[in-house]
Amino acid sequence: MSQEIHNELIRKPWQAWAFIGAFGTLLLGFGASNLLAWRDGGLEKTTETGWSGFSEGKPMQALAEDLRTTPLADWIGQRQREFGWLALHDTGPRVHQGCTGWLFLHDELKVQPRAESNAAIRADIAIRLQRQLAERGTRLLIALVPDKSRIEQDQLCELRRPSRLEPRYDAWLETLRGAGVPVVDLRPALLEVRQRAGAAYDRSDTHWSIEGAKAAAAAMAASARDLGYAPGTPVRIEYEASEPRPRWGDLVRLAGLDGLPEHLRPAPDQVPALSFSAQASESGSISADALFGDAPNERVALVGTSFSRNAHFADFLSQALATEAGNLAKDGGGFALSMAELLEQDIKQGSPTPWVIWEITERALQEPLQAIDHDLTKQ
Amino acid sequence: MVFASLEFLTLFFPLFLLAYSLSPKALKNLTLLAFSWVFYAWWSPSFLWVLIGVTLVAWGTGLGLARMEDARRRKLLLTLSVVALAGLLAFYKYTNLIVLEIIQPYLIPQDRGFTWERLILPIGISFIVLQAISYVVDVYRGTVKAERGFVAYAAYKAMFSQLIAGPIVRYSHVEHELHERPFDVRHVGAGLRYFMIGLSMKVIIADTLAPLADACFALPQPTMADAWLGAFAYGMQLLFDFAGYSAMAIGIGQMLGFRFPENFDAPYISRSIQEFWRRWHMTLGSWLRDYVYIPLGGSRVAPWRIYVNLMLVMAISGLWHGADSINFLLWGVLHGLAMVTQRLWEQNGGPKLPALIAWGITMLFVFTAWVLFRAPDLATAWAMYQGQLGLHGFGLSEEVALILRPMHALTMLLALVAASWPLWRERRAMPLPRMAQDTLALWPLLGMLIATALMSSRGASPFLYFQF
């Protein structure tokens, strides 16, 4: 930074060679890694983008993103995160550790800019959508999934959940119920699981545990029945569970610690493997992975996020509804993505889905609004 | 393109070094120019025309001035050129402000449905234009000879190592080296070392502190702890971001045989605001001195004129940084006032303050003023100042406590030590043995390894001064 550093000439040639050698080795390593990625089709975004949007620099942005995922960059990045964990128990900017071994997603603890306004606009979108769907003959049931840090508060220890987040669950619930939109409050069911089984969410995962998913599914099915849902031909769905095995959840991966030897990672969850099978009570067996719309009952579509795709939640919901619910939920789908796809599919098929269960995560309510959110009520 | 990015380090730079080392001496400037234009066009190729246009205007003006003998015509040509260049800068920098703050609210009826698509600032335009102005003025003054070769001049103008965020390299700094410069192991090794120091400053310190500063400035009602932490984190982020970029630029220049001027000299050990400006963004300070302050009369005029000149220069410095909010102007005016106050204190026989107190007052002012510089608008700055006075409570807010990690505390400590490094070095009890010194001089290798790991993990983030 000072003149002296700049002028501090390298006194010995071996010093100059040390810098050149180290830099050259790094460049060669990255060069080889880039070539390998290119050969193996790893530069996907660059290939996809091609020359389109050249004047706005889009191909270059795509290349920059691809280069960050080449094998060497990935390997080095992973080692950096592991070192941070081993030296400082640092889990990176996207994951926080509460009590020992309990990991929480940063996004659900973050206070978003214009948070309350975003949630209010989303409530308005949901209310209008429910009315539009009702006009088409679709019954909509919304299930609001509480944050892990809300249900597992006892596991936060030194980690503080901002108080501004406290009212967001109740506020949204009340707005929607005030407008006559059916919404399931999943908190009582999940708190009951926490009390009974020790936890309703996995320690190392963003999502609910198997017990939590089962309880949430039962609560949703009960609400659907209260609204008048009844399966035409009930399907009996059963499952078998293996012995619990250690499993490291998505937060370990997000913290970049999944490459560490097992004994150095945060503690795993003990999760049994479940296998589901379905049998129609009257008309013979139906495959457990029957495609959406195959079942003879009134169609039930499940839209939402990764919560619907984890811990066999969709299977538990099907079991509780005694029908096979078509699962259109998307990992990272946020508030609107999978609902938008369902609406598009309904329009294409020309027949509205009679029952839609819309699983929404609490944190998605206050996230910055996107065009797709507004588009929901325009379809 | 950003120096501290994988696309620069693993793609652009190796290819450039290969092409440059294979180019015969006569074609080295052409290679440098071609790669520099690619570098500039990387984000938005359409803005390359702005760079080429400025280059042509400055180069052409230089040739014209060299050929003309009539003083009036020379002055006219210089005036036209400076007005065109400054006008281009003003157009890109201030049109949004004029349209959104004056034309739209006051001159266009509300019911017209007028919408304005914000002009995007070509990256590094402020630096590009200042360089061009200094060149034509220097040719006019006769302090440098006009460059006749377009490739050599364009290579100087576009040189990717200093193109986007300085240091503001004047033509006189590199006039000789544009035609004759070394390219050998010693220069490459020394340049690499300096580059690695800059990379470490940017990635290890500045980028680590950035989220902390962002979080503090995003709070609607920051507490006292938030507001001071935010000002401190931002002050350190800005120093290590900008000084890091400058070090990388100087290092690349050195590798190629150029000797660029220094831009920073431990500014946070300054004991007065004048000393701060001798150590902070030194090339901008000297540019303003030579092309604004001295033409205004400098210090050879009546005392009141000196104060006016100082205020004017600092206000221009503030405006040069941007006009999307009035904060930059206010920041410049604040610094102007501080400089005037210091002069008045000294001229009226004010006692010399003990070093520690002088340093404390200077830093208190500098870091408080950074709040204006960083805040996106006056309301945010006001909220931060209220926070600094404890009007929104005292302890850390939950939002900031949430993102504060041990890594931040360690980085702040590292930043403090690095920012005051000259003081530590001076106090070292006894010199180390030669061999130990030679080995310790290799520490930037470790910095580069850590920086590369962090870049791979976090991705690249642009330099703060790119926005100017």
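Let's start in chain A, with helix H12, residues 313–321. Its buried residues are A:Phe313, A:Ala314, A:Phe316, A:Leu317, A:Ser318 and A:Leu321. Keep in mind that this is a predicted model. Why might residues along a helix point the same way? Now step just past the end of H12(A). There, A:Ala322 takes a positive phi of about 55°.

Next, chain B as a whole. How many helices and strands does chain B have? It has 20 helices and zero strands. The radius of gyration of chain B is 23 Å, and the globule rule gives 23 Å for 468 residues, so chain B is as compact as a globular protein of that length. Its C-alpha trace spans about 65 × 65 × 55 Å along the principal axes. Of the 468 residues in chain B, 58% are buried. The accessible surface of chain B is about 19,900 Å². Carbon and sulfur atoms account for 68% of that surface. Now the contacts inside chain B. Take those between residues at least 6 apart in sequence: 77% of them join residues at least 24 apart.

On to helix pairs. Two packed helices are described by the angle between their axes and the distance between the axes.

The pair within chain B comes now. Helix H2, residues 28–41, packs on helix H3, residues 48–67, both of chain B. The angle is about 135°, and the axes are 9 Å apart. Who makes the contact? From H2(B), it is B:Trp37, B:Tyr40 and B:Ala41. From H3(B), it is B:Leu48, B:Leu51 and B:Ile52. By class, that is six nonpolar residues, no polar and no charged.

Last, a pair that joins the two chains. Helix H4 of chain A, residues 58–67, packs on helix H1 of chain B, residues 6–22. Here the angle is about 100°, with the axes 9 Å apart. How does H4(A) lie relative to H1(B)? The two are roughly perpendicular, because angles of 65 to 115 degrees count that way. On the chain A side, the contact uses A:Leu63, A:Ala64 and A:Leu67. On the chain B side, it uses B:Leu6, B:Glu7, B:Thr10 and B:Leu11.

How values were computed: Residues are numbered from 1 along each chain as its sequence is written. Chains are lettered from A and ligands numbered from 1 in the order in which they are written. This is a predicted model: local features need pLDDT of at least 70, side-chain atom pairs count only at pLDDT 80 or more; totals for chains, interfaces and linings use all residues. Side-chain values use heavy atoms; hydrogens and water are left out. Axes are lines fitted to C-alpha atoms, for helices over the stretch in contact, and angles run from 0 to 180 degrees between N-to-C directions. Helices (H or I, at least four residues) and strands (E, at least two) are DSSP runs, numbered from the N terminus. Angles under 35 degrees count as roughly parallel, over 145 as roughly antiparallel, 65 to 115 as roughly perpendicular and the rest as oblique. Contact means heavy atoms within 4.5 Å. Ala, Val, Leu, Ile, Met, Phe, Trp, Tyr, Cys and Pro count as nonpolar, Asp, Glu, Lys and Arg as charged, and the others, Gly among them, as polar. Buried means under 20% relative accessible area, exposed over 50%, partly exposed in between (1.4 Å probe, protein chains only). The radius of gyration is taken over C-alpha atoms; the globule rule is 2.2 Å times the number of residues to the power 0.38. Accessible areas come from the Shrake-Rupley method with a 1.4 Å probe; for residues, only the protein chains shown count as cover.
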